[in-house]
Amino acid sequence: MEVIKRTYFLLLSLLVFVNASYSQIRITLPLNRAVYQRGTNHRSTITVAGSYDQRIDKVEARFIPVSDGQGTFQDWVTVQQNPTAGNFSGVVSVLEGWYTMEVRASWQITLSEMYQGWTG
């Protein structure tokens, strides 16, 4: 009986580890180091798109300047509310600059995944 308990605990621990190390958000847009044309208002419209594997009801993005003087910090904005079918997509208006984008997904206000990527 003790061997079964140990085996069960080991398998459960392995499943938790594998699930925690597997990224549930994948970003398809924007591409890394993509350059966007800005308008006369010094803003660009960035499409943020990707896919997800777990239950979520909100996807948000923020843009952090790569270095001082390279843009204006933009806090979390909603990319899509209630995405369906494992995909999300939305547009965000960003002031001119060079940024790192972070994307996070949540389910009922609880953060479920965060992704840091795109620099452009």
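Guide: Start at Ile-27, which stands opposite Gly-50 in β2. The model is a predicted one. Four bridges link β1 to β2, and the two strands pair in the antiparallel sense.

Now cross to the next pairing. Strand β2 spans residues 43-52 and pairs with β5 over nine bridges, again in the antiparallel sense. One of the contacts to find is Ser-44, whose bridge partner in β5 is Val-94.

β1, β2 and β5 form an open sheet of three strands, in the order β1-β2-β5, with antiparallel pairing. Neighbouring strands here are turned against each other by 30 degrees on average, with direction ignored.

Look again at β2. Seven of its ten residues are buried, so the rest of the structure largely encloses β2. Here, buried means under 20% relative accessible area. As you trace a strand, keep one rule in mind. Side chains in a regular strand alternate between the two faces of the sheet.

Other strands pair as well. β3 (residues 58-65) and β4 (residues 74-81) run antiparallel, joined by five bridges. There, Glu-60 stands opposite Thr-78 in β4. β3 is also joined to β6 (residues 99-107), by eight bridges, and these two run antiparallel. To find that pairing, look for Val-59, which stands opposite Ala-105 in β6.

Notes
Residues are numbered from 1 along each chain as its sequence is written. This is a predicted model: local features need pLDDT of at least 70, side-chain atom pairs count only at pLDDT 80 or more; totals for chains, interfaces and linings use all residues. Side-chain values use heavy atoms; hydrogens and water are left out. Two strands pair if DSSP finds at least two bridges between them. Axes are lines fitted to C-alpha atoms, for helices over the stretch in contact, and angles run from 0 to 180 degrees between N-to-C directions. Buried means under 20% relative accessible area, exposed over 50%, partly exposed in between (1.4 Å probe, protein chains only).
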